[in-house]
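Hi everyone, thanks for having me.

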Amino acid sequence: MLFQIFDAFKPRLHDSNSKVNQVALEAMHKMIPLLRDNLSPVINMLIPAIVDNNLNSKNPGIYTAATNVIQALCQHLDTSLLLQPFCTKAQFLSGKAKQDLTEKLA
């Protein structure tokens, strides 16, 4: 069931409409404390959707929402669940996104 929900939700995290994208990130930020480690089965699918484009966004609302989601993940999930997906993404990112994710890894 969780996979079906997040399969449908994931495209909104990088929607071409910036308002939809931002609202999806803000909704994700609210869901994380509620779902906590129950997100573990979908975390490898969510991290790229949250990070790709959003952490390098020139739109300050999207960038802030994305950094809030990353912060919430670090706060509410077992960090061992985040290590591999963060490392994988950090290898292929550039610019501010690479810096932000590398700081979280450190």
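Let me begin with a definition: helices (H or I, at least four residues) and strands (E, at least two) are DSSP runs, numbered from the N terminus. What we have here is a predicted model, where local features need pLDDT of at least 70 and side-chain atom pairs count only at pLDDT 80 or more, while totals for chains, interfaces and linings use all residues. Residues are numbered from 1 along each chain as its sequence is written, and side-chain values use heavy atoms, with hydrogens and water left out.

Let's start with one residue. Asn-21 lies in helix α2. Is Asn-21 buried or exposed? With a relative accessible area of 5%, Asn-21 is buried; that word means under 20% relative accessible area, whereas exposed means over 50% and partly exposed is in between (1.4 Å probe, protein chains only). Next, its surroundings, where contact means heavy atoms within 4.5 Å. Not counting residues up to four places away in sequence, Asn-21 touches Arg-12, Leu-13, His-14, Asp-15, Asn-54 and Ile-62.

Now zoom out. Take the contacts between residues at least 6 apart in sequence: 64% of them join residues at least 24 apart.

Next, a pair of helices. Helix α2 (residues 18–35) packs with helix α4 (residues 60–76) at an angle of about 15 degrees, their axes being 9 Å apart. Those axes are lines fitted to C-alpha atoms, for helices over the stretch in contact, and angles run from 0 to 180 degrees between N-to-C directions. α2 and α4 are therefore roughly parallel to each other. The cut-offs are these: angles under 35 degrees count as roughly parallel, over 145 as roughly antiparallel, 65 to 115 as roughly perpendicular and the rest as oblique. Our friend Asn-21 is among the α2 residues here, and Ile-62 is one of those in α4.

α4 and helix α6 (residues 95–105) pack at an angle of about 20 degrees, with 11 Å between their axes. Which residues of α4 and α6 meet? Tyr-63, Thr-67, Ile-70, Gln-71 and Cys-74 come from α4, and Lys-96, Asp-100 and Lys-104 from α6.

Look at Ile-70 in that group. At 3% relative accessibility, Ile-70 counts as buried. Leaving aside neighbours within four places in sequence, Ile-70 is in contact with Ile-50, Val-51, Phe-86 and Lys-104.

One last stop: Asn-56, in the loop between α3 (43–51) and α4. Asn-56 is partly exposed, with a relative accessible area of 36%. Again leaving aside neighbours within four places in sequence, Asn-56 is in contact with Ser-94, Gly-95, Lys-96 and Ala-97. Asn-56 and Asn-38 are 18 residues apart in sequence, and their C-alpha atoms are 28 Å apart in space.
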